[in-house]
Amino acid sequence: MMKAVCLDEPGKISLIELPEPKPGPGEVAVRMEYVGYCGSDLTSFRGLNPLISYPRVPGHEISGTVAALGAGVSGLAIGQPVTILPYFNCGKCHACRLGRPNACKNNQTMGVQREGAMTSTVVVPAGKVIPVEGMRQRDLALIEPIAVGFHAVRRSELQAGETVVILGCGVIGLGALLGAVRRGARVIAVDLSADKLAVAEALGADETIDALREDVLAHVLEMTGGDGPQVVIEAVGADVTFRQAIDLVASCGRVVYVGYAKNPIAYDTKYFLLKEMDIRGSRGSELADFHDVVAYLKQHPDAGDRIVSRVVPIEEAGAAMEAWDKDPGGFTKIVVRIEAGEDL
């Protein structure tokens, strides 16, 4: 038997025991080292995630090592550090046929529509396992959430020299920030938390705006000569920031939504036309985004220390979730240590 964190129902989280799985043909057993809490896990804990069913083992931000190989698996070795691409697409729908599996109509993500990784061992198809050498084991759990931000930047078609406003400096927003900096863009980061804005600045934001104390629209217009930015990336998922993105973006600019609002949004749609803007969605990430993030983190090994707020053992995972629920602005990233790892 093995330990696992379980979202029993909205507002209730516990530590349970499950049978330890064994890999079948073409599968790999991965021993979990660290698993990050995602904002979707908090949404699920609050009972606001329409995609989840309970009970559910959460977790899709994964750091692990190969524990066992099923028959026919090659190219992987026992003990090899890996992360996992946690999305399972159908391969048949329109998005899959277009080569965009992250937007699969029938997608199942670990920890949401299927059991997640916050447990001792998971078994997945070998094609979902991504070897990662030369990185701190803890930081492998940052690859997936940062990749979601990188994917949003890719969807925006952001160019060097353009200005992007990033609404929200959680890990997805910080991932977008890193992706934008990597492209040579000017980054204006916006958040309600001074601590998160300090992290954004340390990671390369050119300017920051404290939305709790400052007029965001006035400041952005001042910073952009009255034009607004060419790109706005919304990484909060709140009513106010969904509408704010439309107000902020320059004429003929691009708005990318990577967060999703929990309620229907009422827009003054005339600005869609008057600005002739592009409005784009961004869902999850793709394998190419994972590889881009790995390359970035290898070049910037200190980034993980700036992003991770707290590391807790699996026995304290429930308490950590409850603390995050009470103070969402107080944490950038909580990582759960599944197995005894290096000292942090």
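The structure holds 4 aromatic pairs, a pair being rings of Phe, Tyr or Trp (its six-membered ring) with centres within 6.5 Å. Planes under 30 degrees apart count as stacked, over 60 as edge-to-face and the rest as tilted. This is a predicted model, in which local features need pLDDT of at least 70 and side-chain atom pairs count only at pLDDT 80 or more, while totals for chains, interfaces and linings use all residues. Residues are numbered from 1 along each chain as its sequence is written, and side-chain values use heavy atoms, with hydrogens and water left out.

One of the pairs is formed by tyrosine 37 and tryptophan 324; it is tilted, at 6.3 Å centre to centre and 35 degrees between the planes. The two residues are 287 apart in the chain: tyrosine 37 lies in the loop between strand E3 (27-36) and helix H1 (39-45), and tryptophan 324 in helix H11 (residues 317-326). Helices (H or I, at least four residues) and strands (E, at least two) are DSSP runs numbered from the N terminus.

Another pair joins phenylalanine 150 and tyrosine 296, whose ring centres are 6.2 Å apart with planes at 70 degrees, so the pair is edge-to-face. Phenylalanine 150 belongs to helix H3 and tyrosine 296 to helix H9 (residues 287-299), 146 residues apart.

The table gives relative accessible areas; buried means under 20%, exposed over 50% and partly exposed in between (1.4 Å probe, protein chains only).

| Residue | Relative accessible area | Class |
|---|---|---|
| Tyrosine 37 | 0% | buried |
| Tryptophan 324 | 9% | buried |
| Phenylalanine 150 | 4% | buried |
| Tyrosine 296 | 7% | buried |
| Glutamate 157 | 45% | partly exposed |
| Glutamate 276 | 58% | exposed |

The axes of helix H3 (residues 143-156) and helix H4 (residues 171-182) come within 7 Å and cross at roughly 55 degrees. Phe150 is among the H3 residues in the contact, as are Pro145 and Val153, and H4 contributes residues including Ile172, Leu178 and Arg182; contact means heavy atoms within 4.5 Å. The contact residues divide into 10 nonpolar, 3 polar and 1 charged.

Two glutamates have a positive phi. Glutamate 157, in the loop between H3 and strand E10 (163-167), has phi near 55 degrees. Glutamate 276, in the loop between helix H8 (270-274) and strand E15 (278-281), has phi near 45 degrees.

A cis peptide bond joins tyrosine 54 and proline 55, with omega about -5 degrees. Proline 55 is in the loop between H1 and strand E4 (61-69).

Conventions: Axes fitted to C-alpha atoms, helices over the stretch in contact; angles between N-to-C directions. Nonpolar A, V, L, I, M, F, W, Y, C, P; charged D, E, K, R; others polar.
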